[in-house]
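Have the sequence and the coordinates open as you read.

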Amino acid sequence: MHDEFLCHVTAYGVCGGERVGVPLGTYRAPTLALALWWLRDRATWIAERLDPSPDSPCFPAEALAPVARHVPDVPETLRIWRDDVAHQEMVAEHLAAGRLIRVATRDETTEYELLAESVDALRMDRALPLLITPEAMPDAYRRERPLASSGDTMRLGQLHR
């Protein structure tokens, strides 16, 4: 099981003809439960900002107008994802197995992405394979050298076998 998770929320749009990402938050979760909680919390945060209550005292009367039926409903999609218990369990299983999770939804102008990945999986993916095999080492490095812990000697090539 993976212990730590990196979580990111980003909004993508087009500016000056180029796709631009705007980070909306990052969290390094020490547990799987906190990673899932944070992703659901961010989904709620985005939904509430895109779809505020018309009764809110923060907005003047009639400042908000309903959108047409054909317009994708990002806030509703995020709320449905957040509240789908079976899907949340599947997300937890995938994260625990070290897989990258990406939840994305979009409207006509912006794509919203929630991303989570295991820190351990990131480290494993970034580990480089052995670059120099013992057989490919120059002879100067193959000579016997004393081991630090005892007077015994060992050839460097034997360390990798």
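## Helix α2 and its neighbours

The buried residues of α2 pack against α1 (32–50), α3 (85–96), β3 (101–106) and β4 (111–118). Here helices (H or I, at least four residues) and strands (E, at least two) are DSSP runs, numbered from the N terminus, and contact means heavy atoms within 4.5 Å. This is a predicted model, in which local features need pLDDT of at least 70 and side-chain atom pairs count only at pLDDT 80 or more, while totals for chains, interfaces and linings use all residues. Residues are numbered from 1 along each chain as its sequence is written, and side-chain values use heavy atoms, with hydrogens and water left out.

Which residues of helix α2 are buried? In this helix, residues 74–83, they are Val 74, Pro 75, Leu 78, Arg 79 and Trp 81. Buried means under 20% relative accessible area, exposed means over 50%, and partly exposed lies in between (1.4 Å probe, protein chains only). Viewed down the axis of α2, these buried residues fall within an arc of 160 degrees, so they line one face of the helix; the arc is that of the directions from the helix axis to the C-beta atoms.

## The nonpolar core

Trp 81 of α2 turns up again in the largest nonpolar core, which has 24 residues. A nonpolar core is a set of buried Ala, Val, Leu, Ile, Met, Phe, Trp, Tyr and Cys residues joined through side-chain atoms within 4.5 Å. The residues with the most contacts inside this core are Leu 32, Leu 39, Trp 81, Leu 95 and Leu 114. At least two core residues come from each of β1 (5–15), α1, α2, α3, β3 and β4, and α1 gives the largest share, 7 residues.

What does Leu 39 touch, leaving aside its neighbours within four places in sequence? Leu 39 is in contact with Cys 7, Trp 81, Leu 114, Leu 115 and Ala 116.

Ala 92 is buried at 14% relative accessibility, whereas Glu 89 is partly exposed, with a relative accessible area of 49%.

Not counting residues up to four places away in sequence, Ala 92 touches Leu 32 and Leu 36. Its C-alpha atom is separated by 9.1 Å from that of Ala 35, 57 residues away along the chain. Glu 89 and Leu 36 are 53 residues apart in sequence, and their C-alpha atoms are 9.6 Å apart.

## Side chains in the strands, and a loop

Now for some polar details. Arg 28 sits in strand β2 (residues 18–29) and is partly exposed at 42% relative accessibility. Its side chain joins that of Glu 4 in a polar contact of 2.9 Å. Such a contact is a pair of N or O atoms within 3.5 Å; within protein, one must be able to donate a hydrogen and the other to accept it, and residues adjacent in sequence count only if both atoms are side-chain atoms. Ser 118, in strand β4, is buried with a relative accessible area of 1%, and its side chain reaches the backbone nitrogen of Asp 120 at 3.1 Å.

The charged end of Arg 19 sits over the ring of Tyr 12, 4.2 Å from the ring centre (the rule asks for NZ of Lys or CZ of Arg within 6 Å of the ring centre and within 35 degrees of the ring normal). Leu 64 lies in the loop between α1 and α2 and is partly exposed at 37% relative accessibility. Leu 64 and Ser 53 are 11 residues apart in sequence and 8.9 Å apart in space, C-alpha to C-alpha.

## The whole chain

Stepping back, the protein chain holds 5 helices and 6 strands, and along the sequence they follow the pattern β-β-α-α-α-β-β-α-α-β-β. Of its 161 residues, 30% are buried. Among contacts with a separation of 6 or more, 56% are between residues 24 or more positions apart.
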